[in-house]
Amino acid sequence: MSSGQRRVDVEVESKRPDETPDGKGHPNTCPGCGSHYRDDELKQALRVCPQCGHHFRVGARERIEQLVDTGSFVENDADLRSADPLQFFDLRPYAERLVEAEMETGLGDAIVCGAGDIEGRTCDLAIMDFGFMGGSMGSVVGEKFVRSCERAAESGGTLVSVSASGGARMQEGILALMQLPKTICAIEDLHESRGSMISVLTHPTTGGVLASFASLGDVVLAEPGALMSFAGPRVVSQTTREKLPDDFGRAESNYRYGHLDAIVPRSELRATVAQLLGLFEHP
Amino acid sequence: MPNEAEMRLRERLSKLGGMKLLRGTKLSGELARLQDQLDQLRADPTAEEIWQSVELARHVDRPYTLDYVERIFDDFFELHGDRGRADDSALVTGLGKLDGRTFVLIGHQKGRDIKERATRNFGMAYPEGYRKAMRAMSLAGRHGFPVVTMVDTPGAYPGVAAEQHGQGGAIARSQAAMVRLPVPTVACVIGEGGSGGAVAIAVADRVLMQENAIYSVISPEGCAAILWRDAGQARKAAAAFKPDAAHCLELGVVDGIVAEPEGGAHTDVDAAAQLLEQGILAAFEEIDDLDDDDRRRLRREKYRMMGVLASTA
């Protein structure tokens with residue numbers, strides 16, 4: 001480095017097991033207390049550990065099942081796929097990673113958008129999935145989020161966003177960074193048309209997603225223990241050599257510092273979102 | 001007779017243009033403008049040229065925001081503090097005259113010597129810096145002063161206190177404030193446009209980039225550490241994600257490239273400042289006469305189109 005400056009890396013797409021706080025061991029073994037569950041048990045428990053209350057990750061489809069009235073969800077823009085404008089190639093081509101992620105998750109990209117009812121109240125939904133390339137935001141995530149905002153703006157309704165993301169998608173380079181202002185413009189338009197947004201942050205919501213739409217809800221909620229930091233703990237400790245507090249960047253710390261309206265356990269999330277949808281209904 | 005570089009750029013543009021594109025892509029409407037700028041462009045930058053930009057953008061002698069401010073603005077008066085908690089000197093704000101008009105200036109500021117680098121935190125702002133920027137933006141909106149921003153940061157500071165004070169939210173809200181501004185805005189990437197910390201003050205009607213500046217989603221070292229598992233592969237990473245000005249223009253992320261003196265801005269700071277001033281004034285000329293509502297609408301439409309998509313439909 002010619003300038004002698006310390007380099008900082010603030011966009012983290014974390015996929016390695018040693019980087020994902022929940023990722024150690026079997027996916028159905030609780031990192032909080034070591035209890036192990038069958039998948040159907042865990043699904044039944046909304047993927048919250050019945051022993052210690054640890055919140056496991058939830059994929060987008062299952063999140064929709066948890067939140068939305070059965071049979072009411074209608075998906076939009078399912079056909080959108082990432083292009084590869086930079087023809088990005090690291091150890092493997094981006095195009096190959098995309099295909100693999102789609103095979104693994106059954107999703108076209110890291111977000112599922114649509115409309116549905118929550119306890120009888122209709123809303124637009126934008127639900128992220130960490131399983132698709134670390135929930136990273138590229139052109140498709142940005143575009144689908146924006147279209148959801150536009151649909152909510154049209155009806156003067158509410159957009160419910162559930163984020164889970166390592167940040168901007170490096171493989172789309174600067175265009176991934178441009179999804180920050182793009183999504184923010186859409187929220188500004190939504191607010192100007194008297195629409196509203198409820199942002200639910202789940203583990204983890206970091207980097208460019210935290211630094212854009214996820215932070216801009218009229219109401220911002222988080223699940224217990226969710227990491228919500230701009231820079232990840234590893235980057236912070238390596239860059240600054242500071243000793244990190246135990247709850248660094250977690251929802252509980254963010255709540256204390258005033259960045260959240262409430263921490264809502266998953267079992268209460270559906271009822272809480274429904275209550276807010278009622279409060280934001282305009283006569 | 002187009003030269004080889006121009007031919008390569010045209011070829012790449014047509015390749016992009018031939019992809020299956022939906023609404024949300026910028027290329028169709030922008031081809032004409034891109035072609036206008038072809039003559040300003042250097043060759044399709046090779047990996048070595050991209051890395052040269054990275055090195056020049058970070059050069060120890062590269063002019064920083066205040067070097068340009070003293071050459072471009074008259075009667076500059078610096079505004080300090082976020083009126084809440086602190087004054088973050090990694091980001092400067094102030095008022096100054098240019099062409100007889102009062103402007104609001106917002107820019108990252110790196111330090112020149114060791115002591116100043118520490119004070120300026122290497123140009124890495126805390127949330128307090130972005131809140132100071134928002135304070136300056138709201139002042140600009142109130143008084144109808146146009147806003148110039150100068151972007152030069154490795155990134156927003158990744159520290160414990162920065163997170164506790166709400167780094168992510170501050171960056172999001174700073175962008176939202178720029179989206180809302182009723183006044184004309186021009187952003188210039190003058191060195192390192194590092195990720196969220198950069199775009200926090202770069203959402204503008206016209207975004208310019210100096211010839212040897214870089215603008216990227218992550219630092220080359222960070223990208224290499226994650227994707228190659230080796231920070232030493234930074235050159236490869238930079239070649240892959242293409243943070244140079246020519247690529248940013250081609251992708252529609254910036255609206256224009258500002259030339260630098262031969263060898264880089266540091267070789268002749270006065271000349272670099274003069275070129276930057278011309279670039280800024282020309283950009284304002286394009287947007288000054290627009291109605292405030294139209295300008296704000298066009299600004300949003302520009303960002304609405306950012307990205308390249310495909311479809312299975």
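Tutor: Start with a cut-off. A residue is buried if 20 or more other C-beta atoms lie within 10 Å of its own, with C-beta atoms placed from the backbone. Keep in mind that this is a predicted model.

The part to look at is strand 4 of chain B, residues 147-153. Seven of its seven residues are buried, so strand 4 of chain B is largely enclosed by the rest of the structure. Look at the two sides in turn. V147(B), T149(B), V151(B) and T153(B) point one way from the strand. V148(B), M150(B) and D152(B) point the other way. Both sets are buried.

Which strands pair with strand 4 of chain B? One is strand 3 of chain B, residues 101-108. Four bridges join strand 3 to strand 4, and the two run parallel. Find I106(B): it stands opposite T149(B) in strand 4 of chain B. Another partner is strand 5 of chain B, residues 185-194. Here six bridges join the pair, again running parallel. T153(B) has G193(B) in strand 5 of chain B as its bridge partner.

Now step back to the whole chain. Chain B has 14 helices and nine strands. Of its 313 residues, 56% are buried. Take the contacts in chain B with a separation of 6 or more: residues 24 or more positions apart account for 72% of them.

62 residues of chain B are in contact with 64 residues of chain A. Several elements of chain B give two or more residues to this side, including helix 7 (160-164), helix 9 (195-199), helix 11 (234-241) and helix 14 (292-304). Helix 8 of chain B gives the largest share, nine residues. By class, the side of chain B that touches chain A has 35 nonpolar, 19 polar and eight charged residues.

Strands also meet across the two chains. Three bridges join strand 2 of chain A, residues 80-82, to strand 9 of chain B. These two strands run antiparallel. R81(A) has A310(B) as its bridge partner in strand 9 of chain B.

Now compare a helix in chain A. Helix 10 of chain A covers residues 266-279. At 1.5 Å a residue, its 14 residues should span 20 Å. The end C-alpha atoms are 20 Å apart, which agrees. Its buried residues are R266(A), L269(A), V273(A), L276(A) and L277(A). Seen down the axis, the buried residues of helix 10 of chain A fall within an arc of 100°, so they line one face of the helix. Turned away from that buried side is a face with the exposed residues S267(A), E268(A), A271(A) and L279(A). What do the buried residues of helix 10 of chain A pack against? Among them are helix 2 (60-67), strand 3 (111-118) and strand 5 (158-165) of chain A.

Finish with the domains of chain A. The assignment gives domain 1 (17-56) and domain 2 (58-279). Their C-alpha centres lie 21 Å apart. Seven residues of domain 1 of chain A are in contact with 10 residues of domain 2 of chain A. The domain 1 side of this contact has three nonpolar, two polar and two charged residues.

How values were computed: Residues are numbered from 1 along each chain as its sequence is written. Chains are lettered from A and ligands numbered from 1 in the order in which they are written. This is a predicted model: local features need pLDDT of at least 70, side-chain atom pairs count only at pLDDT 80 or more; totals for chains, interfaces and linings use all residues. Two residues are in contact if their C-beta atoms, placed from the backbone, lie within 7 Å. Ala, Val, Leu, Ile, Met, Phe, Trp, Tyr, Cys and Pro count as nonpolar, Asp, Glu, Lys and Arg as charged, and the others, Gly among them, as polar. Two strands pair if DSSP finds at least two bridges between them. A residue is buried if 20 or more other C-beta atoms lie within 10 Å of its own, exposed if 12 or fewer, and partly exposed in between; C-beta atoms are placed from the backbone. Domain bounds come from an automatic or database domain assignment. The expected span of a helix is 1.5 Å times one less than its number of residues. The arc is that of the directions from the helix axis to the C-beta atoms.
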